[in-house]
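Take a look at the chain shown here.

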Amino acid sequence: MSAKPKPVFSLNRMSRHAVVSTIILITAFACTFPVLHGAESALAPAWRPLPLVRDGKVDPNWMHLGWGGFVVDDGALRTECDPKGLGLLVYKKERLGNCQLRVVFRSKEAKSNSGVYVRIADGILEQPGQSGVAFERGATGKPSNESMQRMQASAEREEGPWFAVHRGYEIQIADGGDPFHRTGAIYSLSPSSAGSKKAGEWRTLIITLARDQISVDLDGQRITSFDPRSPDVPSRKQWYEPKREPKRPEAGYIGLQNHDPGDVVWFKEVSVRSLPAAGVK
C-alpha cells in the first residue's frame, strides 16, 4: 500500500501554477500596454501645417496688405518693414474657429516688434489695395506730427492693416514692454507674464481659441488668458490700441504683422489643430 501524499506537495503544485498564471497575465499586460498607449496617442489631434513658402516665395495662400511685406529667408518668412507703416500677411484660404495655433518665431532684437493676429473679421479680404495713409519721416526716422495725425485718422477708419487691429486680436511679439504690450500679451487687453529671452532664439507660441476665449502658452508656459466678457478688460488708452466695441468672430482669419524698419522677425512654422478631446484648460 502506497503512502498517502502529503498535503504540502499539492499545495506547492498549486502555488507554482498560480505563479505561472500570474507571470503570464503580467507579460500579456506588459505587451498590450504599449499598443493601448499608442492608440491613445494616435487619437490626439494632429498638427496641420499652413505652408509659408512655396517655390522659394511666400505661399500664395497668404496675401499681404498695407506697407512692407515678407520675404523668404533660409526656408522661413522674414519681415520686410517699410518706413511708410504697418503691414499684415493674411492667411486667406480659410477661417479658423475653435482650434489651437502653433507659431514658431525668432526676433533679431528684443525690441523687434511683430504679432500674430487671430479672429479677424471677413472684411479683411476686401482690404488689399487699401493700405491707408503713409508715414512721412524726417532724417531721424521719426514720423512728423502731421503725418502722425493722418495715420491716426486712417487707423480710426480701419483702413488696410488697421482693420485687423480693430476687428481681430493681436498676440504681441516684442520683449521689454509693459505686461499689456510684451510678447504673449493679447495686445493692450490681457497682460503677459513672460519674461525677456535672449534674442535670436526660436520660440513657440501655442494660441488656444475656445469659443470666444483665448489662451496663450509661450515655450510650454501659460502666460495669459483672455475673456472678452470679463469686467476687468482695461479701457482703450492709445489711438493705436484696438477698439473694444466690435465683436470679434469666433471663426476668423489669422495674420502675421510687419511693423517699423528694424523690427526683424522670422516665422518658420504656423500650424493648426483641433482642440484636444479632453478640452483645454
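In which strand does D217 lie? D217 belongs to strand β12, which covers residues 213-218. Keep in mind that this is a predicted model. Is D217 buried or exposed? Its relative accessible area is 15%. The cut-off for buried is under 20%, so D217 counts as buried. The side chain of D217 has a polar partner: a contact of 2.8 Å joins it to the side chain of R222. Setting aside residues up to four places away in sequence, D217 touches T204, L205, I206, R222 and I223.

Now step back to the whole protein. It has three helices and 15 strands. Of its 281 residues, 41% are buried. The accessible surface comes to about 15200 Å², and carbon and sulfur atoms own 55% of that area.

Beyond residues up to four places away in sequence, I207 touches C99, Q100, L101, V116, V118, I171, I214 and S215.

Next, the strands. Strands of a sheet pair through backbone hydrogen bonds, either parallel or antiparallel. Here, five strands form an open sheet in the order β4-β7-β14-β9-β10, and the pairing is antiparallel. Which strands stand at the edges? They are β4 (62-66) and β10 (169-173). Each has a single partner strand, so one side of each is left without a neighbour in the sheet. Neighbouring strands in this sheet are turned by 25° against each other on average, direction ignored.

β4 and β7 (residues 87-96) run antiparallel and are joined by five bridges. Within this pair, M63 has V90 of β7 as its bridge partner.

Q172 sits in strand β10. Is Q172 buried or exposed? Its relative accessibility is 3%, so Q172 counts as buried. Its side chain reaches the backbone oxygen of H181 at 3.4 Å. Neighbours within four places in sequence aside, Q172 contacts N113, S114, H181, R182, T183, G184, A185 and Y187.

β5 (residues 69-73) and β6 (residues 76-80) run antiparallel, joined by five bridges. V72 stands opposite L77 in β6. β6 has a further antiparallel partner, strand β15 (residues 265-273), with two bridges between them. There L77 has F267 as its bridge partner.

Two residues lie between the strands of the hairpin, where D74 takes a positive phi near 55°. Most residues other than glycine have a negative phi. D74 is not a glycine, yet its phi is positive. At a relative accessible area of 77%, D74 is exposed. D55 lies in the loop between β2 (53-54) and β3 (57-58). With 73% relative accessibility, D55 counts as exposed.

One more loop ends the walk. Where is N98 found? N98 is in the loop between β7 and β8 (99-107). Its relative accessibility is 43%, so N98 counts as partly exposed. The side chain of N98 reaches the backbone nitrogen of R211 at 2.6 Å. R211 is also on its contact list, together with L209, A210, E250 and L275, when residues up to four places away in sequence are left out. Finally, compare N98 with R273. They are 175 residues apart along the chain, while their C-alpha atoms are separated by 9.2 Å.

Terms used:
Residues are numbered from 1 along each chain as its sequence is written. This is a predicted model: local features need pLDDT of at least 70, side-chain atom pairs count only at pLDDT 80 or more; totals for chains, interfaces and linings use all residues. Side-chain values use heavy atoms; hydrogens and water are left out. Contact means heavy atoms within 4.5 Å. Two strands pair if DSSP finds at least two bridges between them. Helices (H or I, at least four residues) and strands (E, at least two) are DSSP runs, numbered from the N terminus. Axes are lines fitted to C-alpha atoms, for helices over the stretch in contact, and angles run from 0 to 180 degrees between N-to-C directions. Buried means under 20% relative accessible area, exposed over 50%, partly exposed in between (1.4 Å probe, protein chains only). Accessible areas come from the Shrake-Rupley method with a 1.4 Å probe; for residues, only the protein chains shown count as cover. A polar contact is a pair of N or O atoms within 3.5 Å; within protein, one must be able to donate a hydrogen and the other to accept it, and residues adjacent in sequence count only if both atoms are side-chain atoms.
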